[in-house]
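Dear colleague,

Please find below the structure that I am handing over to you.

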Amino acid sequence: MLWLANEGHGEQVNPIIPVVEEIVIGAIAFGVLCFVLMKFVFPRMEQMYQARVEAIEGGIRRAEERQAEANALYEQYQQQLNELRSEASRIRQEAAAEAEAIRQEILAKAREEADRIIAAGREQLAAERQTIIRELRGTVGTLAVELAGRIVGESLEDEARRRGTVDRFLAELDATPAGR
């Protein structure tokens with residue numbers, strides 16, 4: 001409108017240089033806009049920006065704290081796991097040692113039982129040997145007396161003579177080495 005008014009006065013208007021009234025109105029509108037922006041919009045934007053920064057920094061701080069807690073828990077779990085592993089190893093070693101002790105004890109008992117059985121067998125064999133030797137002595141003595149009686153041609157019926165002859169024969173038999 002101002003431009004049209006200027007045309008009517010016959011003045012020539014420069015399109016590059018604006019009219020003074022327009023500059024004043026533009027400056028007032030710009031001042032009002034700047035005042036509204038500075039008074040209401042920028043503080044609100046600054047508050048939102050600060051809240052956003054605090055939320056992000058708080059989130060980062062909380063994340064770092066949680067990460068530190070997680071690392072501490074991880075270290076604690078690792079330590080507990082290592083302790084449990086060493087405890088399990090110790091228990092395995094104790095069990096192996098106990099098993100070895102039980103095995104040695106069972107072997108010792110088995111050896112004692114085997115030794116006892118062998119000793120009892122030897123005693124029984126010695127007793128049977130003595131019995132067999134006595135029986136053989138009696139049989140050998142009787143056979144020797146009969147044989148000697150046949151060889152000598154006289155009867156060795158007399159008990160005392162027979163016993164003396166048998167005892168002498170057995171004494172000679174015992175005195176001679178077995179390899180002969």
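R103 and E100 both belong to helix α2, where three residues, about one turn of the helix, separate them. Helices are DSSP runs of H or I with at least four residues, strands are runs of E with at least two, and both are numbered from the N terminus. The side chains of R103 and E100 are joined by a salt bridge, with 3.4 Å from N to O. The term salt bridge denotes a side-chain nitrogen of Lys or Arg within 4 Å of a carboxyl oxygen of Asp or Glu.

Please note that this is a predicted model, in which local features need pLDDT of at least 70 and side-chain atom pairs count only at pLDDT 80 or more, while totals for chains, interfaces and linings use all residues. Residues are numbered from 1 along each chain as its sequence is written, and side-chain values use heavy atoms, with hydrogens and water left out.

A network of salt bridges links E87, R90 and E94.

E113 and R116 also form a salt bridge, with 2.3 Å from N to O. This pair is again placed in helix α2, three residues apart, about one turn of the helix. Both side chains belong to partly exposed residues, with relative accessible areas of 37% for E113 and 48% for R116.

Finally, a nonpolar surface patch has about 1200 Å² of accessible area together, and its members include V20, I28, F35, F42 and M48. Such patches consist of residues with over 30% relative accessible area and no salt bridge; nonpolar side chains (Val, Leu, Ile, Met, Phe, Trp, Tyr) are joined within 5 Å, and like charges within 9 Å. Accessible areas come from the Shrake-Rupley method with a 1.4 Å probe, and for residues only the protein chains shown count as cover. F42 lies in helix α2 and is partly exposed, with a relative accessible area of 44%.

Yours sincerely

Terms used. Buried means under 20% relative accessible area, exposed over 50%, partly exposed in between (1.4 Å probe, protein chains only).
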